Amino acid sequence: MFRKWKFIFLMTISVLALVACGKSLDEKATSGVEAAREAFHSNDKNRTEEIDGIKLYLPAGFKVNDKSDAQNIVFTKNGETFILFVNPNETSDSKLFYDLLLTDKSKEIVEQATFTDEGTFGFVAVVKSGNDDVELITSVGGSKMTTMTKKGNIEENLARMMEIVRSINQE
């Protein structure tokens, strides 16, 4: 009898320890922003794809939707949809998308950061969207990419999204 109670007690403690060790949304958002910061500043991805005259880096696993055009490029990866908007009228130092995000009071921003590098402006934001979902936004100049994802995918998705928007040539 004692052994059974001991086993139940140890299992309960183990489950509680595992749950307590999971990262919170704030921690996941912070690590995702750092991953995006590294991707922004490394800017070492060769352009591997051209879509209607837009050259960009396409990470492994990303597929381009057939209905994409030069301004709205739709990607899918593992059942998730990513939308890339390219505004050719904006320069690489444009803050248009960032200013629009900050003025939208309906968005609950969990974490956001801005980056600059040799006249290029970029930002990343994690926006609370639901119980388990978040909206991820990355932008460099006149290019902005968004997706809705689960909390567990924040870091990986932000890094890949920043690699894509950073690779687009803003001239």
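## Terms and basis of the model

A residue is called buried when its relative accessible area is under 20%, exposed when that area is over 50%, and partly exposed in between, with a 1.4 Å probe and protein chains only. The model is predicted, so that local features need pLDDT of at least 70 and side-chain atom pairs count only at pLDDT 80 or more, whereas totals for chains, interfaces and linings use all residues. Residues are numbered from 1 along each chain as its sequence is written, and side-chain values use heavy atoms, with hydrogens and water left out.

## Helix α3 and its cover

Helices (H or I, at least four residues) and strands (E, at least two) are DSSP runs, numbered from the N terminus. In helix α3, which spans residues 96–103, the residues Phe-97, Tyr-98 and Leu-101 are buried. These residues lie on the same side of α3, because they cover an arc of only 100° around the axis, the arc being that of the directions from the helix axis to the C-beta atoms. An α-helix has 3.6 residues a turn, so residues three or four places apart point the same way. Among the elements that cover the buried residues of α3 are β5, β6, β7, β8 and β9 (143–150), where contact means heavy atoms within 4.5 Å.

## The nonpolar cores

A nonpolar core is a set of buried Ala, Val, Leu, Ile, Met, Phe, Trp, Tyr and Cys residues joined through side-chain atoms within 4.5 Å. The largest such core has 32 residues, of which Leu-56, Phe-75, Leu-84, Val-124, Val-126, Met-145 and Met-162 touch the most other members. At least two residues of this core come from each of α2 (25–42), β2 (54–56), β4, β5 (80–86), β6 (108–117), β7 (120–128), β8 (133–140) and α4 (154–167). Apart from this core lies another, of 8 residues, among them Phe-97, Tyr-98, Leu-101 and Ala-125.

When its neighbours within four places in sequence are left aside, Leu-56 has contacts that include Phe-75 and Leu-84, as well as Ile-73, Ile-164 and Ile-168.

## Helix α4

Helix α4 has 14 residues and reaches 20 Å from its first C-alpha to its last, close to the 20 Å expected at 1.5 Å a residue; the expected span is 1.5 Å times one less than the number of residues. This helix is mostly covered, with 12 of its 14 residues buried.

## Salt bridges

A salt bridge is a side-chain nitrogen of Lys or Arg within 4 Å of a carboxyl oxygen of Asp or Glu, and the whole structure holds 6 of them.

Arg-166 forms a salt bridge with Asp-117, the closest N and O atoms being 2.9 Å apart. This pair links distant parts of the chain, since Arg-166 belongs to helix α4 and Asp-117 to strand β6, 49 residues apart. Arg-166 counts as buried at 9% relative accessibility, whereas Asp-117 counts as partly exposed at 25%. A further bridge joins the side chains of Asp-133 and Lys-150 (3.1 Å, N to O); Asp-133 lies in strand β8 and Lys-150 in strand β9, so this pair ties together parts that are 17 residues apart in sequence. Asp-133 is partly exposed, with a relative accessible area of 28%, as is Lys-150, with 43%. Salt bridges that share partners also join Glu-156, Arg-160 and Glu-163 into one network.

## Loop residues

Ser-68 sits in the loop between β3 (63–64) and β4 (72–77), and is buried, with a relative accessible area of 12%. A polar atom of the Ser-68 side chain lies 2.9 Å from the backbone oxygen of Asn-65. Leaving aside neighbours within four places in sequence, Ser-68 is in contact with Asp-52, Ile-73 and Val-74.

Most residues other than glycine have a negative phi. Asn-78, in the loop between β4 and β5, has a positive phi of about 50° although it is not a glycine, and this residue is exposed, with a relative accessible area of 71%. Glu-118, in the loop between β6 and β7, likewise has a positive phi, near 50°, and is exposed, with a relative accessible area of 78%.

Key
A polar contact is a pair of N or O atoms within 3.5 Å; within protein, one must be able to donate a hydrogen and the other to accept it, and residues adjacent in sequence count only if both atoms are side-chain atoms.
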